[in-house]
Protein chains: 4
Amino acid sequence: MSLRIIATGGTFDKQYDPLSGQLIFGDSILPSLLERARITAPYRFEPLLALDSLDMQDAHRQQVCEACARSDEAHIVIVHGTDTMRETAEVLGRAALPKTIVLTGAMVPCRIDGSDAQFNLGFACAAATLCEPGVYVAMNGQIFPWHAVRKNRNAGWFEAS
Amino acid sequence: MSLRIIATGGTFDKQYDPLSGQLIFGDSILPSLLERARITAPYRFEPLLALDSLDMQDAHRQQVCEACARSDEAHIVIVHGTDTMRETAEVLGRAALPKTIVLTGAMVPCRIDGSDAQFNLGFACAAATLCEPGVYVAMNGQIFPWHAVRKNRNAGWFEAS
Amino acid sequence: MSLRIIATGGTFDKQYDPLSGQLIFGDSILPSLLERARITAPYRFEPLLALDSLDMQDAHRQQVCEACARSDEAHIVIVHGTDTMRETAEVLGRAALPKTIVLTGAMVPCRIDGSDAQFNLGFACAAATLCEPGVYVAMNGQIFPWHAVRKNRNAGWFEAS
Amino acid sequence: MSLRIIATGGTFDKQYDPLSGQLIFGDSILPSLLERARITAPYRFEPLLALDSLDMQDAHRQQVCEACARSDEAHIVIVHGTDTMRETAEVLGRAALPKTIVLTGAMVPCRIDGSDAQFNLGFACAAATLCEPGVYVAMNGQIFPWHAVRKNRNAGWFEAS
């Protein structure tokens, strides 16, 4: 079984820019993370977008949907910002592709101490391997169907809706 | 659904002792890792053993088996050394408990740069959540049934046997 | 010989806030850094301010100056934001206290991968131990007198002026 | 003023070998550390040896001494294992080269959480920049002349002798 891992940006992949003092996007950290994970299952990495999910527009969501549609792999992990992860999941859910698509992200960037990124990536990869075709959000050690999840912004976690 | 996470030591949990210059066991890193993962699903952590898996004897494997048998949670992750992970999985497999038990570990200690520990922990937690009752080894981004896995010591990974 | 280490905030000490997605100030990382450095020379840590140096006003600089004046230790390291480090150094330089005062900071927060914070702290502690009384900026592996240094914002380093 | 930084191995530079489970030597971490430190002062890095200092023989110490003698830079930092740092310092001290030579190392490898390596490297670079010609051990936030220092193995630190 093969996995496709698609980067779209999000907190997970932000890095610090010493000149501006801002968190920005550069090269994705995912290739080095996947190497570190010593994965022997076949997988392909696709750097599709590099966006804060608050900046994600309908056209971007369409791009994500098309990337999933044309993916040779039927098991897909999408690394995505948490703020509009549910919205992208909904677009993918309504598209009803015959694939297992798992969205994940991080509350703390992977390059910052105390990040949840590596755990979440591992969790999402197993979920994408094991779940029935459908669209899911995998965060906080839980797997939510796309139509029954929301981000609780005050608490900083995802919960059933 | 609740998860039990049992520590038994292994490379995953080794730490550096500045006085002896050796990698030893102290307090498990798992509680801080699980907190960092921001898990909202209910789980319980059990620090059972702190052993290099090469030092694990039949009596220790029996202890692991009993810990699984008396666990209130039916979904269990065991963090274990890689060298004899298969042997412990076999003892658990033959016990045929009506639970989902997933063994994982790390090729590089969690406290050392470039570790696979956090990815593997996330991967194993999702596998323990989703798999049918049975005993599995979750390493290298793959899920192996207990009776069909071996560690390839030369390559440093697990593979189907 | 005793050292006083004064925290004023700055990039060095910023941490990530998962709820706002911003880099903010919380408890200083300096006590844990100093413990990790295994310093056996006597030193005292003083958390004086927690500010982005762009937000530092004359009154804050006066506070820093007073903290140096009343310090029992004659060798002082000040961890400071880089953007106005020179301005604070000038206020301290004009005060002409009979003490060795070394300002340092970081271009990347200590909690982010690839930070220069620990190196700079070590460099500044040695400079504060060894330099003649006076006020210095210790950054980029160099020690600059307060009146002959500027930050090159385009390059992201300090240089002689 | 130029600096030469010479690697000889030691705990500072050990890395984990996933196949053997041992701490071994590979490529030195120093070039990436020095880059991260954003040093603008001119310096040259010389990977001379890669040894546990307990394995260092007279011939190795002679090699270190010759490297210092032929160094174009008069300010030298040597990264060395802690166990026989004093012995190498003595060989260098008796050679009485007209240079400032500072030996440093780490109690915890740089690649392991909680390491003192980066602080010590920064501390040693400033000491090498500022001290009079002579041979020094820079550890634990202190600068010891070569003839008046010993490692306290039980406590895990250096102290005046």
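Predicted model: local features only at pLDDT ≥ 70, side-chain atom pairs only at ≥ 80, totals over all residues.
1. The contact between chain D and chain B draws on 16 residues from chain D and 16 residues from chain B. Together the two chains bury about 1,300 Å², of which 64% falls on carbon and sulfur atoms. On the chain D side, the residues that lose the most area to chain B are D:Y16, D:L19 and D:I112, which together account for 38% of what that side buries. As to charged pairs, the count of salt bridges between chain D and chain B is 0.

2. Chain B contains an open sheet of 6 strands with mixed pairing, in the order β4-β1-β5-β6-β7-β8. Its edge strands are β4 (43-51) and β8 (142-145) of chain B, each of which pairs on one side only. Neighbouring strands of this sheet are turned against each other by 20 degrees on average, direction ignored.

3. Within the chain B sheet, one pairing may be described in detail. Strand β1 (residues 3-9) of chain B runs parallel to β4(B), and the two are joined over 6 bridges. At the residue level, B:R4 stands opposite B:R44, the latter in β4(B).

4. Helix α2 (residues 58-70) of chain B lies across β1, β4, β5 (75-79) and β6 (100-104) of chain B. Relative to β4(B), helix α2 of chain B runs at about 170 degrees.

5. Chain A also holds an open sheet of 6 strands, with mixed pairing and the order β4-β1-β5-β6-β7-β8. The strands at its edges are β4 (43-51) and β8 (142-145) of chain A, and each pairs on one side only. From one strand to the next, the twist averages 20 degrees.

6. Strand β6 (residues 100-104) and strand β7 (residues 134-139) of chain A run parallel and are joined by 4 bridges. The bridge partner of A:L103 in β7(A) is A:V137. Helix α2 (residues 58-70) of chain A lies across β1 (3-9), β4, β5 (75-79) and β6 of chain A, and its direction makes an angle of about 170 degrees with β4(A).

7. Because B:F119 and B:F123 are 4 residues apart in helix α4 (residues 117-130) of chain B, about one helical turn separates them. Both B:F119 and B:F123 are buried.

8. Chain C supplies another stacked pair, C:F119 and C:F123, with 6.0 Å between the centres and 20 degrees between the planes. The two residues C:F119 and C:F123 lie 4 residues apart in helix α4 (residues 117-130) of chain C, about one turn of the helix.

Methods
Residues numbered from 1 in each chain as written. Chains lettered and ligands numbered in written order. Heavy atoms only, no water. Pairing = 2+ DSSP bridges. Axes fitted to C-alpha atoms, helices over the stretch in contact; angles between N-to-C directions. Contact = heavy atoms within 4.5 Å. Buried < 20%, exposed > 50% of the residue type's maximum accessible area, 1.4 Å probe, protein only. Phe/Tyr/Trp six-rings, centres within 6.5 Å; stacked < 30°, edge-to-face > 60°. Buried area = accessible area lost by both parts, 1.4 Å probe. Salt bridge = Lys/Arg side-chain N within 4 Å of Asp/Glu carboxyl O.
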